[in-house]
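Please keep the sequence and the 3D view at hand while reading.

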Amino acid sequence: MPSSRPVITSPVFRSQGAGPEGPCGLPRYAELHVTSNFSFLRGASHPEELVRTAHALGYAGIAITDHTTLAGIVRAHGAAKEVGIPLIVGATLTTIDGEALVVWAENRAGYSNLCRLLSLGYGGIPAESGQEQRDGTAAAGALAENEKDRGPVSCRLPRDMVAAHAAGLRAGVPLAAADGDWRRLAGWREVFGERVCGLAEVALEGDDAVRLERFARACRRAGVDVVAAGDVRCHVRARLPLLDALTAVRHGGTIEEVRARLLTNGERHLHEQSTLLARFASLPGAVERSVEWAAACTFSLDELRYEYPDAVVPAGATAAGYLAETVWRGAAKRYPDGVPEKVCGLLEHELALVSELGYEAYFLTVFDIVRFARRRGILCQGRGSAANSAICYCLGITSVDPARMQVLFERFISRERREAPDIDIDFEHHRREEVIQYLYDTYGRSRAAMTAEVICYRLRSAVRDMGKAIGLSLDRVARIAEVLDVGDRVDRLPERLAEAGLEPDGDTGRRLTALVGELIGFPRHLGQHVGGMVMTRGDLCDLVPIQPATMAGRSIVQWDKDDLDELGILKVDCLALGMLTAIHRAFDQVEAAGGPKLTLATVPAEDPAVYEMVSRADTVGVFQIESRAQMSMLPRLKPACFYDLVIEVAIVRPGPIQGGMVHPYLRRRSGEEPVSYPNEAIRGVLENTLGVPLFQEQAMRLAVVAAGFTPGEADQLRRAMGAWRRPGVIDEFHRRLVEGMTSRGLAAEFAEQVFAQIRGFGEYGFPESHAASFALLVYVSAWLKCHHPAAFTAALLASQPMGFYAPAQLVRDVRQRGVRVLAVDVNASAWHACVCHRGGEGADGSPPRSGKGPGLRLGLEQVHGLGAAEGERIEVARRDGLFGTVDDLARRARLGREALLSLARAGALASLGMDRRRAVWEALRDRERPGSQPLLVDLADDEDDDEVELPATTPREEVIFDYRTSGLSLEAHPLQFDRAGLAQRGVVTTAEAHDAPEGRCVAVAGIVLSRQRPSTAHGIIFLSIEDETGAANVVVRPEVWQQAEAVARRAAAVVIEARVQRRAGVVHLLATRMERLVSDEAAGGGEAGLPEGASLPRMSRDFC
Amino acid sequence: MPRILTLWLPRWPVQRRLSSNAELRHGPVFVCQRQPQGAMTVVAWAIPRRPAAPQAGGKRAGHVRAGDAAAGPATAGDGVAIHAGMPLAEAMAAMALVHGPHACRRAWIDHDDPAADRDALLEIARWCRRFTPAVAVEGSGGDERQRPECLHLDVTATAGFFGGEERLARTAVWTLAARGLHARGAIADTPGAAWAAAHHVDRLAALAGEPATRGRRRSVVVAPGGLVDALPATGLRLDGGTLQKLCEVGIDSIGGVMRLPRKSLASRFGPLLVRRLAELTGERAEPLEPLPGGELPQASHAFDFPLSLRGTSEEQFAQCLRPLLEACMRPLSAAGRGVTALQVRLERARLERARLQRPGSAGADAATGPAGRSTATSAPVVIDVGLFRPSVAVAHLAELIRLRMSRMQLPKEIDGVSIEVVAAGEIGSRQRMLFGAAEEAGDGEVAMLLERLAGRLGRAAVYEPRPVADAQPEHAWMAVPPGQAGRSTGRITRVPSDDRGSPARGASRSAASQSGPSPAPERRPFWMFPRPLRLEPLLRGAARESAEHRESPERRAASGVPVRFRYQSRVHRVLCAQGPERIETAWWRGPWVRRDYFLVEAVVEAVVEGSGEGKTGGDRQRDAGRDGSGNVDEILRLWIFRQVRDGDWFVHGIFA
């Protein structure tokens, strides 16, 4: 969204425009050649700004003609509809021989041709049948070329390709006042006939009179119309600096360096009509003709009719009939004991609404995808608002039982909205690509593509680009970018500039701030949406241009999800969820270890042991509730049933936190505050959450029962929550809510409170349905952790990177539960970590089961630098027997020196009977192609090795080795070796700190595990550190953080002085000072100048 | 066994810059390299000591001394942990951690220039030939080290002349120190051993049982047959990967490596390690490559008695220089080369030097000893002469030297004078054309004139303008050294940007369509004033419309070009005007420039008498008119503009 609306200073509505030629008030100019900022780095205004300004100036119409893209057209369309000005859809093309051409869509056919032309130019779709062979390879070539240079994809348009798609398009040739003009005009006239014109564009360049005369002459000679246009790049003159800066960015230099390419003045903005009339006075009719040409292009995006693919319905059945049949069949399966009455009612209601709105095909398509995933054994689960639908539950798309939850179908599909329902499905992370490729296969490249995501300039990227453009040195730019925090807004920029040593009030500082302020929110490039797939019945490229994504094998449409929403185009979000992968793996591990075969549905429900564990905040690795914030909430909430988990998932979110709902809820839950409801209707809505609205649905229902909104209006309210900051919107709803409630006899105070709470959802709130979907995964993962810790940890390790914790913490956690963890070993480990049996061999050994439950064998994937293919070769080769020597291993598993070294460094060769140094020594030997280099034969040694005496490894070295090569150590904690020195300095362990009384000042040391800066925490940083006794949560106030920023940001290990704070059994350390931990030995090691050899690597996962 | 002196100039890239620019010593210096991805990484750096404890010298605290550079590879400057290859931003942050954020603001950051580093090191190497003829820059013998920081000198035969090896090593280090360079020196049997020793002078001294010197010990001699086993393995001149591997198997000293079975080393650590060991022990000879590039001639003359410059006329002094110059030019001209830069050194008279020298000041170590005989510690007066094109003309060079000397403060008396050719280039042998001889000669004369001018005014004062594409007319040119205007400097190249001229110029059309149209040359006046001159409009309104410049009356009214205006005390009547050409630019370098330019044709209607200045201006104008067409009512074509901000009018140029 644009960050600012255009500021139009004194728009003159045709004040002087009424000349002698036309009746007063008749708009007489339409701008036909406009470049918006969706022509990346070429335009300096948002499409909305251009459209609104054109309307304010009284234009008869405006075209948006971006460079080979229609990406900005939907936004322009929305704005044009809002203000009521005709929008002409078009694009600026450049043929491969360099001719520029502006084209506009006359009608639907022309629009299709334009989309198809652009798609072909980008190589986003295979060429049409008939020419398949020739152009297919051409398209593939274009794709490959685009992938090669990795730059922005380019659109290659041969002239005859343009000619082949000329039907329904009008064209304008920007004139150059040169001798070749008429020839170009005549050439395009052969293609477009009467539908081509010359675009006369002048911009006070000194010889305008001469140019206009030449334009006229060229057009006369070629026999085409001459039409006035502006080659507009920005909506107001004031954007010239930004345009200059963008030009510099585009050419990769500073403004000073690209001076030759800058515009010499800011005339290429939207002018008042009187100015234009004067400017084109010597070209009579040129201005008026622009209106005629605009009027001839009647196509509007409203004409697009989206049709959902219908391939999934079996022959002879209607979509509606098939859907109903499938739903009832599914319902019978879901409720073996008979479908509850409530659900029956819901299903009938929903089916009626679906068939009324014609969404049957959509549900069936999603059903088809889910069915495909199930067939392949891919875990999947719908999330988001789809869980509000009983149909989705019965089709197996979601897992939240509508019999147990209140569902609000209007949240999902509403009659008022008449807009696409949105079903998001999570798939196992590493198998989602199968689903996406299934869709491409089923629908074909020309009918399926992914949604684009418009990547916009944010503060940091804007500062980087603008800083370079105005000539700041690279290191200065890097320095500024570094001091910027993710959450910073523009208004903090001056402060940050000062921090980086740039005077914010100096010329440069002010220029930078102004440019950055304008640039933020500008589109930067088209990325690929995480999972949104668009599919159509007809060709998708008739609807929107398709271009290849940067990722191989993917193509994207040029619109993002808001654009698709605006035009009512349905999409399915196929998302990837790492936890589903982990759960699937854990199920497999449990089964492999002789346990039962589990599915999401067969995990025993409501196990008290699980809730007891969760209440202790013993949730490292559990989905969603493992973060620091969640863990500190758990002991206060003490979840005891599934619905408590739903609340837990939803409550630690910015929405409820900022709406001030968390503390009232906690107080009421602990009985400190009475629960009361103003009336029974409200009790019905809020009873589940003790009178505090925690979910979006509750806000909506509250609006219905308390303020008299219709369900559709309530949904508008929800949508407006996302746009709270826009002025006007919020006031309107505020008035209606408060008036509605007071007129129903509710206290104004209560109404204001409800409003404040609803307003909180504007930040970020969870719908109940979504929270419920997630809570199910929370429960399943907690159950696995509780009952099968080894299998669960193995699965988590195999699914890294995931969640908040690094392997070291996961392993520490599982060891604390009494699971024995075995080190990586070439003779025992599989690629992934797996469950093994005490004293047993490993995944492929025979498991002699003894006593105390399974252990965990770390996988070869833990070894840094070892590839999956090499790991697989080791596993395969081991089937013929264990490895005896390094040579044996190298030969049978065909491992190169680097792989052997990685294994040796990680200590994975221990079972070959040698310590780590010896193993490295062995691995170092050059085994590549022995014998092929006769000269080296002399150098090859086999016997002498026994004589080598290598120094023994100290325990500390072992641990550092472990951390450097696999990120964790089973031997000891690195801090253990510094403990004596630390104790002398008065530094205590984290365990001691946890036992310290409230308010006591302590000093602790630890490895930094994570840094987080939640947007709700007013700049406070949360640090977790770990020493050999455990982890501690450190709260760092901004002022402390700033004092020691460099330490805080990058040190691997820190010493922190802090005050102990305890609340409801959770201990926080409030930092007052922090510094880098320099261990004595590491400091000594530096002297030899060895490259970082003995120091600890940085381990933390940072979210700030 | 030969004896090799290795001189190590730690962090040479920084030292080189510090030695040429004393101001840099006040703040941190970073020499950086741009990585292909655009990130900047540190190559070399120096950070001033924190002015914590006031030292004896008081004032010197807080300055970068090149000596800080040798404090240790991993930590320099109060434990700031920076290593080569670190991202610049990170290095700055690490420094800020210790020295506070203000240190970052003072930091001076320069781009890496290995070629210049190498050239400067070669220069030092040449200078070192005073110790022995066999001097080599490390790595010149096919070595893999990319950034040489060391010089190897074969002092087998020459040490005796300097009072023994200890003394020679000390002398070499301290004479370099007198030139502002920090060096460490070590003498050993092989270049490898000397290299290792030079890099660990302190360690060796400590092993020999000397008291800790805290980095002040700068030279060491390893006795013939002596070992350097105890030194760290980094002394072996290995790449980081090999060192890392050695570290992993627990080997950290040279001795440790030596004790490993030699046979098994090559296949594990690569042939380099084996070669280095062999070089260290002398099993493999490492011949010193002679300095590259051939010898540039030099010549010197020592006077029997100090020569008083006061009492010597310029001509007499030129007579002294002549033979020296001739001696230098002879070998050059034989090779078809000419000098492009030369250095004249005037050795201060020893008496004067003695007066200058305070007892106990720096250099006491070397200069006062007997070995200091040949090494002047008070710097000679150096005159650098640069030429725009190679030359061997002795008279011309002598004149250039004279011109330079006339602008310098010279010592009263000198002991000797020497001339060294610093750079030479090919004298282009152009094919002479039958009728082109005159032009050729003229060309050469222009060059000589330029050099004379440069000699008198300074090189910066002589330049040649070159057009640059910039919308603001007074910025549309830049000054370049003479003779280079035709060449591309690579930085700013003129872009043929008027795309309207060639619409079908290929794919660049789309790029060019955004680019600003730079004006056609015919729309710029031939004579442009350095500063616009104000003109005073007398009557606004529509001027008569001329036939060739048809303009709509509406437009004229809008543009508001004055019909009559006063400029340089004369009233002009505008016949016709063409324009406007609007220029809006320059916001990124200062205030906005917003102007509407017009090309007007005007005639002088009346001369306003009165002001003397106006009269002269008018006279000149009249004269100009007579010289031209002889018509006083000649039509003037002026380039005028109106400032959009306040509507003031100016004349900016005159079309021929």
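In this predicted model, helix 17 of chain A, residues 459-469, is mostly covered, with eight of its 11 residues buried.

**Helix 17**
- The buried residues of helix 17 of chain A are A:Leu459, A:Ser461, A:Ala462, A:Val463, A:Asp465, A:Met466, A:Gly467 and A:Ala469.
- After helix 17 of chain A comes A:Gly471, which has a positive phi near 95°.

**Strand 4 and its partners**
- Strand 4 of chain A (residues 100-105) is largely enclosed by the rest of the structure, because six of its six residues are buried.
- Cover is found on both faces of strand 4 of chain A: one side carries A:Ala100, A:Val102 and A:Trp104, the other A:Leu101, A:Val103 and A:Ala105, and all are buried.
- Strand 3 of chain A (residues 87-94) pairs with strand 4 of chain A through five bridges, in the antiparallel sense.
- Within strand 4 of chain A, A:Trp104 is the residue opposite A:Gly90.
- Strands 3 and 4 of chain A make a hairpin with five residues between them, and A:Gly98 in the turn has a positive phi of about 90°.
- Strand 5 of chain A (residues 169-174) also runs antiparallel to strand 4 of chain A, joined to it by four bridges.
- A:Val102 has A:Gly172 of strand 5 of chain A as its bridge partner.

**Helices 22 and 33**
- Helix 22 (residues 578-592) and helix 33 (residues 768-787) of chain A pack at an angle of about 35°, and their axes are 11 Å apart.
- The contact involves A:Met579, A:Leu580, A:Ile583, A:Ala586, A:Phe587 and A:Val590 from helix 22 of chain A, and A:Leu777, A:Val780, A:Ser781 and A:Leu784 from helix 33 of chain A.
- By class, this contact has nine nonpolar residues, one polar residue and no charged residues.
- The crossing of helix 22 of chain A past helix 33 of chain A is left-handed.

- A:Leu41, a residue other than glycine, has a positive phi near 70°.
- A:Leu41 sits in the loop between strand 1 (30-31) and helix 1 (47-56) of chain A.
- A:Gln624 is likewise not a glycine, and its phi is positive, near 65°.
- The loop that holds A:Gln624 lies between helix 23 (608-615) and helix 24 (628-637) of chain A.
- With a relative accessible area of 22%, A:Gln624 is partly exposed.

Key. Residues numbered from 1 in each chain as written. Chains lettered and ligands numbered in written order. Predicted model: local features only at pLDDT ≥ 70, side-chain atom pairs only at ≥ 80, totals over all residues. Heavy atoms only, no water. Buried < 20%, exposed > 50% of the residue type's maximum accessible area, 1.4 Å probe, protein only. Helix = DSSP H or I, 4+ residues; strand = E, 2+ residues; numbered from the N terminus. Pairing = 2+ DSSP bridges. Axes fitted to C-alpha atoms, helices over the stretch in contact; angles between N-to-C directions. Left-handed = near helix turned anticlockwise from the far one by under 90°. Contact = heavy atoms within 4.5 Å. Nonpolar A, V, L, I, M, F, W, Y, C, P; charged D, E, K, R; others polar.
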